[in-house]
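Visitor: Could you take me through one part of this model in some detail? I would like a close look at a single chain and how its pieces sit together.

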Amino acid sequence: MATLRTSTAQPAGALHIGWQALRHSINWLYLVPALVFFIGYQVYPIIQVFLISFTDYHYLRPGPAAWVGLQNYVNALGDPLVGQGLLRAAAFTVMFLPGTIFVPLFLAILVDRVKNKRLSVLYRMILLIPAVIPGPMIFILWKWMYDFEIGPINHLLVDVLHLFTFRTAPQWLGNSALALPAIAVMEVWWGLGYHTMFFLAGLASIPHELFDAAKVDGANEWKMFWHVTRPRLQPVLLILVVLRFGSAMAVIDEYLIMGGFNRALPTYTWTVYMWHLGFQLGDWFQGYAAAIGWIGAAAMLVVVVFLFRIFRNRD
Amino acid sequence: MDFAKSLARPQAVAVTSRPRRGISLRDILLHGTLIFFCAIVILPLAWVFLLSIKSIGDAYTGSFWPEHFDFSHYGYVFGHIPTLVQNMLNSIVVTLSTVVLTSTCAVLAGFALVHLRLPGRALVVSLLVGSLFFPTRLISLIAIFEIQNQLHLINTIIGLILPYVTLNLAISILIMRGIFEQISPEIVDAARIDGCGSWRTLRSVMLPLVINGIIVLVIVNFVTAWGEYLLAFTLTNDQAVRTVPVVLASAFGGMGEWDWPRIAAVYIMVIVPGIVAFAVAQRWYMRGLLEGALKV
């Protein structure tokens with residue numbers, strides 16, 4: 001990959017070297033548009049939020065903000081809503097991660113075995129439909145699906161299967177232990193096709209002779225999966241686990257759309273609390289909200305580094 | 001392979017229980033499971049589609065298949081939800097701008113990162129990869145609000161487009177990098193020997209070769225921008241400049257124009273463009289995914 005593209009040997013004079021250096025810096029022009037956006041709306045804001053987190057900045061208060069040192073962080077660490085919010089996010093992550101990794105892995109192995117080309121494409125296409133529906137639209141759909149009044153899920157449970165009566169029917173997104181699992185199920189549904197494609201790309205790179213050889217040696221399905229498929233999917237698997245861990249801990253749109261700002265609901269996690277503080281409560285204490293954001297991000301980063309460590313040691 | 005073809009011909013699709021021609025219990029289990037999962041994917045979408053063409057009465061009975069169809073909701077919402085046309089226009093403008101800007105940035109950057117000499121390339125790549133593991137979108141929110149506020153871009157369309165470009169920028173660049181890596185550097189060398197500068201190499205030699213990757217970019221960025229909620233919810237509070245997802249998320253089975261079948265009709269109109277675009281471009285999309293977009 002790192003082959004140099006100046007294979008045409010030319011007489012190298014001082015002028016020529018200067019010209020080469022100039023030409024290579026000019027190559028940076030290709031990165032300028034991307035970097036303007038990347039720095040302007042990602043790198044700079046993150047640094048800015050970090051700085052705000054050390055001030056008593058309230059958006060709606062007139063006058064300049066004052067530095068308060070670590071006060072926001074001290075307060076946040078003692079704030080029960082922060083601790084509870086992090087725990088709730090962690091609980092959701094634990095419910096969501098296994099489903100969103102293993103179900104697509106299982107499906108990918110199945111789709112990979114479909115020998116009929118057309119059927120294989122058809123399965124892939126159907127499974128990928130949710131991947132072309134934007135996340136928030138998925139959340140809106142499932143908010144309706146779980147709805148008490150018109151939701152088809154409760155209709156199925158009450159009127160068709162008679163497992164519940166109208167009184168006892170589960171309130172999926174209400175104040176109950178069901179809210180986070182219900183959202184996790186929706187997330188798995190949403191990522192089904194996309195993650196299956198991820199694994200299929202990994203499976204496609206495994207030479208089929210390996211399976212044939214294993215079969216000749218009398219390996220059963222499980223042994224073939226464990227000794228042939230799994231080691232080759234490991235890199236894809238690890239990246240997915242880490243990426244999805246990150247997205248699960250930082251979920252916010254789902255909670256805002258499905259739960260709103262009710263503190264009693266399990267969906268009121270640290271992310272919702274941060275938004276609530278920064279853009280709605282009182283005079284918008286954004287200094288404190290920024291500190292909570294950074295505490296959450298730091299907690300996540302610790303786990304991400306930890307995960308990378310574990311995975312690296314295993315190889 | 002020949003075996004597979006002969007199996008496919010005589011409607012092996014309808015998995016009958018006749019154990020002839022090698023249709024085994026294994027196949028039945030395999031296809032049965034896949035059909036089951038496909039049904040799970042399709043049923044919620046079928047439900048909301050049926051809801052959008054149910055009569056108002058049927059919508060509240062909970063039954064899946066309506067007794068009376070009513071196709072008037074689609075027309076009705078345009079006349080009765082005052083800002084709907086504006087919201088849809090907002091969504092279209094924001095999405096198109098975001099897709100064009102992000103894809104352009106990603107193609108230029110991906111090309112340079114793979115095929116040009118670039119001092120400091122490793123730094124750029126590690127920053128991009130690093131940003132994937134950081135909850136950037138969430139943490140940067142407060143400062144993005146401040147920036148847009150100082151630039152007087154709160155409650156404006158352009159104020160949404162600018163941060164939208166960054167939502168998928170890192171991943172888009174890495175996708176394009178993966179795609180460009182599939183192209184042999186000899187092609188660049190050959191173009192150079194023919195006297196092409198890097199710009200002409202990209203435009204006339206490379207672009208046709210990476211078209212599948214660009215289709216992946218367009219679809220990925222379309223989906224994100226078209227449905228973006230958090231930034232739109234935070235940076236706008238005027239119903240007339242909001243995008244459709246924000247409007248829909250706050251609409252919850254009320255009366256009149258907010259009746260269930262009517263908001264379901266809006267819903268269908270919002271998700272159909274993406275599904276149709278995908279159906280049309282799926283061949284190239286799948287190819288692009290396999291060509292390297294998934295090998296980030």
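Guide: Happy to! A residue is called buried if 20 or more other C-beta atoms lie within 10 Å of its own, exposed if 12 or fewer, and partly exposed in between, with C-beta atoms placed from the backbone. By that count, 44% of the 296 residues of chain B are buried. This is a predicted model, where local features need pLDDT of at least 70 and side-chain atom pairs count only at pLDDT 80 or more, while totals for chains, interfaces and linings use all residues. Residues are numbered from 1 along each chain as its sequence is written, and chains are lettered from A and ligands numbered from 1 in the order in which they are written.

Chain B has 16 helices and zero strands (DSSP runs numbered from the N terminus: helices are H or I, at least four residues, and strands are E, at least two). An automatic or database domain assignment supplies the domain bounds, and chain B is divided into domain 1 (2-52) and domain 2 (74-293). Taken over C-alpha atoms, the centres of these two domains of chain B are 35 Å apart. Four residues of domain 1 of chain B are in contact with six of domain 2 of chain B, contact meaning that C-beta atoms, placed from the backbone, lie within 7 Å. On the domain 1 side, three of the touching residues are nonpolar, one is polar and none is charged (nonpolar: Ala, Val, Leu, Ile, Met, Phe, Trp, Tyr, Cys and Pro; charged: Asp, Glu, Lys and Arg; polar: the others, Gly among them).

Turning to the partner chain, 84 residues of chain B are in contact with 73 residues of chain A.

Conventions. Two residues are in contact if their C-beta atoms, placed from the backbone, lie within 7 Å.
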